[in-house]
Every structure is written in C-alpha cells, then in structure tokens.
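Here's a protein to get to know by way of a few quick questions. Have a look at it before reading on.

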Amino acid sequence: MTSIFPWIILLAPLLSTAVITLFTLRWKALSSSISIAAVLVSFICSCLIFAHSTAAAAGLTWIGISGVFQVPFGLTLDPLSRTMAVLVSGIGAIIHIYSLGYMRDDEGKSRYFAALSLFMFAMLGIVLGNNFVMLFIFWELVGFTSYVLIGHWFYRDAAADAAKKAFITTRIGDFGFMLGILMVWMGTDSVVFTEIAQRLWILTSHPAFLTIAALLIFCGAVGKSAQFPLHVWLPDAMEGPTPISALIHAATMVAAGVYMLVRVAFIIQASPTALLVIAWVGTITAVMAALIATQQNDIKRILAYSTLSQLGYMVMAVGLASNEAAIFHLFTHAFFKALLFLAAGSVIVMLHHEQNIWKMGGLSRNLPITFFTFLIGALALIGCPPFSGFFSKDAILALAYERNTPIFVVGLFTAFLTAFYVMRLLVIVFFGKSRSEIARKSDESPFVMTGPLIVLALLATIGGFTFFARNFLALPIEKEVAFLVPALAIAVLILGSGLAIATYRNRTSEPLSRAFALFLIGGLSMREQWAEQAVAHGESARYYGWPKWGIYRLTCFCLAWESSFSSTSPSSADVGVEF
C-alpha cells in the first residue's frame with residue numbers, strides 16, 4: 001500500500017528549516033515551536049508507518065542514463081528503517097522539547113532550531129534512503145549540520161575549532177566511503193541496495209576486490225561513528241550545546257555509522273577478512289576510550305568517551321557478524337545515553353555552566369530528579385540488571401565468547417573499566433560534600449528539562465526487556481552461555497564499581513598522581529628524575545595497590561596518544577591529574 005507518510009517523515013523537518021530561516025528568525029518562541037511541531041509530525045508519522053508493515057513509499061527516477069547509471073529517489077521501509085525512523089524522530093522530539101529549557105536565553109535560539117531541524121532531515125534521509133547515492137548525500141548533510149551545531153557558539157574559539165575538527169576528520173573517512181561506493185557500483189552496475197544484494201555473486205567471485213570495497217565502506221563508519229583512529233573529533237564536539245551532544249551521541253550522527261554497516265551487512269559479511277578488521281577496530285576503540293574516560297574531569301567529556309566505548313561494542317558486534325546484537329545495543333544506548341547527556345545538561349545549567357566534576361559534589365540533595373534519572377542512565381550504561389544496557393551489552397559479550405575469545409576478554413575488561421569510570425562520576429558529582437559555593441546553592445531544573453529525563457529514564461529501564469524490545473527489532477539469542485557470561489559481567493561490574501567507590505569516596509581532588517604518566521610517556525633521559533619524584537611522594541604500586549596502579553599505567557598511554565591529536569594541550573584539569 002503506497003503511503004504519503006514516509007515523505008512527510010522526511011520533509012517535515014526540511015520545511016521547518018526553510019520557514020524558520022526565511023521568515024521567523026527574529027521570533028525565537030515561534031521558531032522553536034515550528035521546529036518542535038515538525039519533529040513531532042515526523043515522529044507521529046513514523047509510528048503510523050511502524051504500525052502498518054505493508055506501507056510503501058512512491059519513488060521516482062532521479063538520475064537516469066540508459067544502460068549506464070540509474071539512481072532512484074526512493075525510500076525503503078523494511079523493519080530496520082521503520083524502527084530507526086521511530087527511534088531517531090522520538091529521541092529527536094524529546095531533545096527538541098528539552099532544548100526549550102536549555103536554550104531559553106540563547107541569542108541564537110532561532111538559528112539553533114533551524115539547524116536542528118535540518119539535522120533531523122539529514123538523519124532521517126540516511127535512515128530511509130534506498131540506495132548508496134541518497135545515503136551518501138544525506139551522510140554529508142549530517143556532517144555539515146553537525147559542523148553548524150557543534151559550532152553554534154562560534155564566537156568561542158574552542159567551539160569553532162571543535163566544529164572544524166569534526167568536519168575535517170569525518171571527511172577523511174567519507175573519502176574512503178565514497179571510493180567504496182564507486183567500487184561496488186563498478187562491480188555490480190547498481191547503487192540500489194536490493195539490486196546489489198541480488199548481484200553480490202559478482203563481488204564474491206573476486207574476494208580481494210570485495211574485501212577492499214568492504215573496508216573502504218567501513219571507513220565511512222570509522223569517521224562518522226568515531227572509531228579508532230578517527231575518534232579524535234568526538235570528545236571536542238562537547239563544545240556545542242549539551243542537547244546537541246545528546247542528539248549526536250544518542251541516536252543520530254554517531255549511530256549513523258553503525259546503522260550503515262548493518263544496512264550493507266550483506267556486503268561486509270561476504271568478506272571474513274573485513275569482518276575481522278571491523279571487529280578488532282571496534283574492540284580497540286571500546287577499551288581505549290574506556291581507559292581515557294577514567295581520568296577525565298569534564299562531565300561531558302566523560303560521557304563522550306563512554307559513547308566512543310559503547311560504539312566500539314556495536315562495531316565489535318558488526319564484525320562478529322551479528323546485526324541483531326549491534327542494533328539491539330544501538331537501540332538501548334539511544335535511551336540511556338540521551339538520558340545521561342540531558343541529565344548532565346541539567347546539572348550544568350543549574351551550576352551556571354560549570355562542567356568540572358571536582359567543583360560539584362552532594363548534588364543528590366539539591367537535584368533529586370536529575371540525580372535519580374542520571375542514576376538510572378548510569379546503571380544502564382554499566383550493564384546493571386535489570387536496566388536496558390545489561391541485556392544488550394551482555395548479548396555482545398556472549399557473542400564474543402562464542403566466536404572470538406580474545407575479543408571477549410578485552411570486552412569484559414572494558415565492562416570493568418566502564419563500571420569504574422561511571423561510578424567514579426556518580427560518587428564525585430552526586431555524593432559527599434559540595435566542593436564549591438555554586439554547588440551548595442544549586443536547585444532542581446524546571447519541568448521542561450526534567451520531564452524529558454523522566455521519560456528517558458523509563459525507556460532506559462524497560463528498553464532491554466523482551467516484552468518491549470521485541471516489538472521493535474529482532475533480538476539476538478545466545479542460549480549456550482546464558483548463565484556464564486552474565487555472571488562474569490556482573491562480577492566485573494561489582495569489582496569496578498567497588499574499586500571506584502573505595503578510591504573516590506570523600507575525595508576532594510583526584511587521588512591518582514601524574515608521576516607515573518610522566519615516567520611512562522617521557523623521554524628515556526628523564527626517567528630517573530621522574531622515578532625519584534614518584535618515590536619521594538610514595539607513588540608506587542605498593543602505595544596505590546596493583547589494580548589501580550595497572551589501570552593508571554594503561555590510561556597514561558592512551559591519554560598521551562590522544563593528546564597528540566588535540567588542538568590544545570590537555571591541562572591537569574582536563575585529564576584529572578595533579579603535578
């Protein structure tokens with residue numbers, strides 16, 4: 001049955017952008033209302049399409065060169081695209097509403113909502129496009145709109161630099177993506193996904209050609225989903241408004257790479273070599289980002305590195321040839337990561353845009369709704385049962401246990417680190433004594449901000465249960481390890497959380513010293529001097545205990561490598577260490 005709803009889903013945000021830009025820029029309240037109305041229309045239409053599985057969208061031929069090149073302008077409405085349309089428009093609607101409170105006094109509010117609508121149009125185009133050409137055009141539009149949104153406060157040098165860094169870094173991956181698309185077109189004489197799948201035998205008859213094409217396509221996901229080594233733009237993207245951080249990190253821009261890999265999985269899974277490379281890139285990204293997160297002091301950067309780590313899990317699942325596990329974790333991650341960023345935004349606004357966690361403390365008393373919702377998101381992130389992250393992360397770990405033991409071990413260690421840095425964040429921000437006057441005088445956010453938090457907290461709680469998730473996607477099944485893997489995951493969760501609580505309870509500053517960082521990353525000629533400093537301060541494995549000392553050694557290596565790509569040198573406040 002042909003329906004007009006898919007086109008309404010796609011075009012409503014574009015119409016909103018046009019109206020705001022051309023007519024209502026001077027009226028902030030009207031512009032924000034138009035943008036919110038447009039995304040709600042997209043969400044409602046997405047729900048209607050989701051409820052009617054037989055719905056189809058009319059298409060047309062966009063480029064037609066007989067016998068040479070055919071590009072339709074069409075939309076795909078399979079179960080994956082319908083689920084993603086609901087997810088993207090739903091999370092987008094919540095963030096739009098939250099933005100009313102967060103951006104209420106911003107001078108560029110109309111410009112912000114116009115760019116937000118254009119971003120939604122681009123992301124929905126990625127989700128609904130039925131061919132590589134449409135996908136790539138909307139892919140680039142997402143890159144452009146993210147540049148605009150990250151640089152919303154362009155008069156700040158840090159925001160302008162972060163926007164340029166995101167735009168340029170993702171272009172590197174996109175160049176490889178474009179080459180991969182051209183190779184697939186050259187091999188199959190088509191850019192339409194369904195037609196390529198039918199002609200896949202042409203590519204599989206040339207394994208080397210197929211592997212190169214698959215890895216070049218993966219380059220697009222490496223850039224957009226911030227995988228190693230093109231991950232360096234995502235932490236700096238925190239310079240944009242917090243709702244934009246939530247939108248980029250939850251269900252849109254960085255999720256686009258994972259979605260694209262699942263969309264073209266029939267190409268990737270035909271090459272075992274490509275799968276192995278993808279699995280290990282995801283694994284390396286997951287553990288590296290988790291290590292770096294353990295020593296960040298900016299509340300948004302901690303969450304940014306957690307996004308990198310969780311995206312690594314998703315890419316790991318793609319590399320292990322399980323689309324179901326990857327999309328399941330993308331689905332639950334959208335809820336709890338949007339919740340965490342928006343709750344962090346609530347904290348930041350009430351503390352007059354203070355983001356250093358060591359200037360917070362005791363906020364559970366003054367911001368009870370923000371605290372309880374943040375707690376739910378944090379428990380989902382670390383995989384604590386019965387919250388959503390427990391089910392989706394364990395599905396990936398079970399998959400790794402069955403198919404690649406080394407990846408499983410690294411994934412389990414990453415789960416330990418996740419529990420450590422998330423509990424560190426909770427203890428420092430919400431417990432203990434207030435560490436600044438502004439923290440002592442903080443108050444709860446208005447309902448326009450806490451209301452979306454409550455909705456997302458509910459979704460983060462029930463999102464992983466079968467009775468809810470099975471309505472949206474096919475769930476992975478790993479019955480053979482139904483007890484062992486969850487038991488190991490819970491054990492490392494308890495160990496990591498307990499270590500963080502023991503280390504950071506009642507602390508007023510970072511207890512770990514940078515002496516070991518200097519020892520590890522400095523030149524050989526300086527080692528004796530730094531070693532003497534470490535001894536003078538009692539900073540040794542015996543002093544700290546072997547687990548904390550070992551974790552810190554690894555973290556220092558990652559921080560040193562990461563800082564070499566930063567536009568500014570990290571200070572002690574940035575990385576949570578003392579001199």
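Buried means under 20% relative accessible area, exposed over 50%, and partly exposed in between, with a 1.4 Å probe and protein chains only. This is a predicted model, where local features need pLDDT of at least 70, side-chain atom pairs count only at pLDDT 80 or more, and totals for chains, interfaces and linings use all residues. Residues are numbered from 1 along each chain as its sequence is written, and side-chain values use heavy atoms, leaving out hydrogens and water.

Q: How many helices and strands are there in the protein?
A: Helices (H or I, at least four residues) and strands (E, at least two) are DSSP runs, numbered from the N terminus. On that basis, the protein has 29 helices and 2 strands.

Q: What percentage of the residues in the protein is buried?
A: The protein has 579 residues. Of these, the buried share is 61%.

Q: Which helices are included in what covers the buried residues of H2?
A: Helix H2 takes in residues 28-51, and its buried residues include Ser 31, Ile 36, Val 39 and Cys 45. Their cover includes helix H1 (5-24), helix H3 (79-102) and helix H4 (109-128).

Q: How many buried residues does strand S1 have?
A: S1 runs over residues 60-65 and is hardly covered. Among its 6 residues, the buried count is 0.

Q: In S2, which residue is the bridge partner of Gly 64?
A: Two strands pair if DSSP finds at least two bridges between them. S1 and S2 (residues 69-73) pair in the antiparallel sense over 5 bridges. Across in S2, Gly 64 has as its bridge partner Gln 70.

Terms used:
Expected span 1.5 Å × (residues − 1). Contact = heavy atoms within 4.5 Å.
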